Amino acid sequence: MQKMRPVAFMDGVLWFEDVPEDYTEDCLEFSHKDTVILRDRQQYVLVVLNEGLTKVGCFKDMNNKQLKEAKRTDNTSGVIFNLISYQPTDCETDCIYNDCLSPVSFVLQSNSKKYQMSCTKAKTIEFLEMKSSEEDNVDAKQCNLIFYKRRVNDQYSMFGSMLEQNHYLCTEFENGLFKLGLKEVKTKIDETAQIEVSGCEAK
């Protein structure tokens, strides 16, 4: 049976239209965004570097001069993120986001372009060039872009993936670098999965 949805109420008449078979309801709507810098427990700054055709997030020790240089909009190394916060819509009762507290996404500002942090089925983090507006709503098919924020204390938070349950953004040491990764957290205290979010105004 074809589904119908209300679209307008005019002159005492409620009008409906057919719902396309591939239609997915918006589950989260844009609330607000904050310009931030992300740091790990060592106070290393998350920097997104170009590695060929891909971008890789690494935590690096940066002094104030280096950080100021990295903030420049013409710098290819991105340290400035927009933390996008959402609130739930009145979608279906079995929505994937129903129990998601503080849903957020991360948008990187780098070299005059924007990239959205994404989780993959391979449990890795990638940065996808953003084609739409940061203020767009989110549906269930876009759960790879959504993380839920859980505060650890006044300084640090953990960010869980909506695509891979019980997996959190973390610091992974690989080939001499502290890389941004995704790991399953099995203990209440895992410092590699704790991230500091601090406000920042791009210069």
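User: What share of the contacts in the protein with a separation of 6 or more comes from residues 24 or more positions apart?

Analyst: The share is 58%, where contact means heavy atoms within 4.5 Å. The model is predicted, and local features need pLDDT of at least 70 and side-chain atom pairs pLDDT 80 or more, while totals for chains, interfaces and linings use all residues. Residues are numbered from 1 along each chain as its sequence is written, and side-chain values use heavy atoms, with hydrogens and water left out.

User: How many helices and strands are there in the protein?

Analyst: The protein has one helix and 15 strands.

User: What percentage of the residues count as buried?

Analyst: Of the 203 residues, 43% count as buried. The classes are buried under 20% relative accessible area, exposed over 50% and partly exposed in between, with a 1.4 Å probe and protein chains only.

User: What makes the link between Glu-134 and Lys-114 a salt bridge?

Analyst: A salt bridge needs a side-chain nitrogen of Lys or Arg within 4 Å of a carboxyl oxygen of Asp or Glu. The N to O distance between the side chains of Glu-134 and Lys-114 is 3.3 Å, so the pair meets that limit. The two residues are 20 residues apart, with Glu-134 in the loop between strand 9 and strand 10 (138-139) and Lys-114 in strand 8. Glu-134 has a relative accessible area of 5%, so Glu-134 is buried. Lys-114, at 34%, counts as partly exposed. Both belong to a network of salt bridges that also links Lys-33 and Glu-135.

User: How many salt bridges does the search of the whole structure find, and what distance separates the side chains of Glu-164 and Lys-123?

Analyst: The search finds seven. Among them, Glu-164 and Lys-123 meet at 3.7 Å, N to O. Glu-164 lies in the loop between strand 12 and strand 13 and Lys-123 in the loop between strand 8 and strand 9, so the bridge ties together parts 41 residues apart in sequence. Glu-164 is buried at 11%. Asp-190 and Lys-183 form another salt bridge, at 3.0 Å, N to O. Here Asp-190 counts as buried at 12%, and Lys-183 as partly exposed at 26%.

User: Where is Asn-166, and what is its phi?

Analyst: Asn-166 is in the loop between strand 12 (156-161) and strand 13 (167-174). Its phi is near 65°, a positive value in a residue other than glycine. At 44% relative accessibility, Asn-166 counts as partly exposed.

User: Which residues have the most contacts inside the largest nonpolar core?

Analyst: They are Phe-81, Phe-106, Met-117, Ile-125, Phe-147 and Leu-169, in a core of 38 residues. A second, separate core of nine residues includes Ile-37, Val-45, Met-62 and Ala-70. Such a core is a set of buried Ala, Val, Leu, Ile, Met, Phe, Trp, Tyr and Cys residues joined through side-chain atoms within 4.5 Å. Leaving aside neighbours within four places in sequence, Phe-81 is in contact with residues including Val-36, Leu-46, Phe-106, Met-117 and Phe-127.

User: How many disulfides are there in the whole structure?

Analyst: The search finds zero, a disulfide being a pair of cysteine sulfur atoms within 2.5 Å. Cys-58 is buried at 1% relative accessible area, and Cys-170 counts as buried at 1%.

Notes: Helix = DSSP H or I, 4+ residues; strand = E, 2+ residues; numbered from the N terminus.
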